[in-house]
Amino acid sequence: QAIQSLSPFMSAYRSVSKRRALPWDPNMGEDAGEMDSFVRYLVMRLLNSLKGNALDYTRDGRDDSQAKANIFMINNAFYLLEELGPNSMPATLDEETYRISGSWFVDKVTKLMESEKSKYFGHWEALNAHLTAVDTNDLEYKKDGMTLSYESGKLIKQRFSGFNESFKLTWELHKSLCIIDPRLRLQVQQGVSSVFLPRYRRFFEKYKR
């Protein structure tokens, strides 16, 4: 809101920054920075504040604390890109109106969001521990040579049941986490699926019989 409120006053900002040193820009006169330096300052302060809020989530001792912190950062990074990114304002603007034209903002916030996505997807990575191949040396068959013995069949069934139990526990833990924007929600859902679904399909096709 601060950036959007100041954006129509580039000349006024330039006039102030040339005449006095500012906490984020100590230079004066011709060496004074443009409004971009102030916007960078605000964005970095905001990101640090968000990281602090996310850290608070991890201190409540709940099982979903870290996942909640990740989703909080993903939501806010997405919101910032929507509000201040290159597609947030129409292409035709008054010359006096400031917009973030450099790549630094998108690069910084996108990198943060992708990092938090990766951390969040890591919570689902544990499901893959159940989808490991069974050593053929551990498989015994009945006299017909086609049907697995009870113990060998149990080895495979334990992997399926272990996966199902872990999936249920993870789902119960994460289902209350909220992503309001439907586009972002779909991105995260697809990312979660890609963590374990391809491996599950391969495992299922191999052992379903």
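## Buried face of α2

In this predicted model, the buried residues of α2 include Met 10, Tyr 13 and Ser 17. These residues lie on the same side of α2, because the arc they cover around the axis is only 60°. An α-helix has 3.6 residues a turn, so residues three or four places apart point the same way. Among the elements covering the buried residues of α2 is α3.

## The largest nonpolar core

The largest nonpolar core holds 48 residues, and the members that touch the most others are Val 39, Phe 105, Tyr 120 and Val 188. Two or more residues each come from α2 (10-19), α3 (35-57), α4 (65-84), α5 (104-125), α6 (150-174) and α7 (182-207). The most is given by α4, which supplies 11 residues. In soluble globular proteins, nonpolar side chains tend to be buried together.

When residues up to four places away in sequence are not counted, Val 39 is in contact with Ile 3, Tyr 98, Ile 100 and Trp 104.

## Packing of α4 against α5

The axes of α4 and α5 are 9 Å apart, and the two helices pack at an angle of about 155°. Because angles over 145 degrees count as roughly antiparallel, α4 is described as roughly antiparallel to α5. The crossing in which α4 passes α5 is left-handed.

On the α4 side, the residues that meet α5 include Ala 67, Ile 71, Ile 74, Phe 78 and Leu 81. On the α5 side, the residues that meet α4 include Phe 105, Val 109, Leu 112, Met 113, Glu 116 and Tyr 120. Two of these α5 residues, Phe 105 and Tyr 120, are also among the core members that touch the most other members.

Notes: Residues are numbered from 1 along each chain as its sequence is written. This is a predicted model: local features need pLDDT of at least 70, side-chain atom pairs count only at pLDDT 80 or more; totals for chains, interfaces and linings use all residues. Side-chain values use heavy atoms; hydrogens and water are left out. A nonpolar core is a set of buried Ala, Val, Leu, Ile, Met, Phe, Trp, Tyr and Cys residues joined through side-chain atoms within 4.5 Å. Buried means under 20% relative accessible area, exposed over 50%, partly exposed in between (1.4 Å probe, protein chains only). Helices (H or I, at least four residues) and strands (E, at least two) are DSSP runs, numbered from the N terminus. Contact means heavy atoms within 4.5 Å. The arc is that of the directions from the helix axis to the C-beta atoms. Axes are lines fitted to C-alpha atoms, for helices over the stretch in contact, and angles run from 0 to 180 degrees between N-to-C directions. Angles under 35 degrees count as roughly parallel, over 145 as roughly antiparallel, 65 to 115 as roughly perpendicular and the rest as oblique. A crossing is left-handed if the near helix is turned anticlockwise from the far one by less than a right angle, and right-handed if clockwise.
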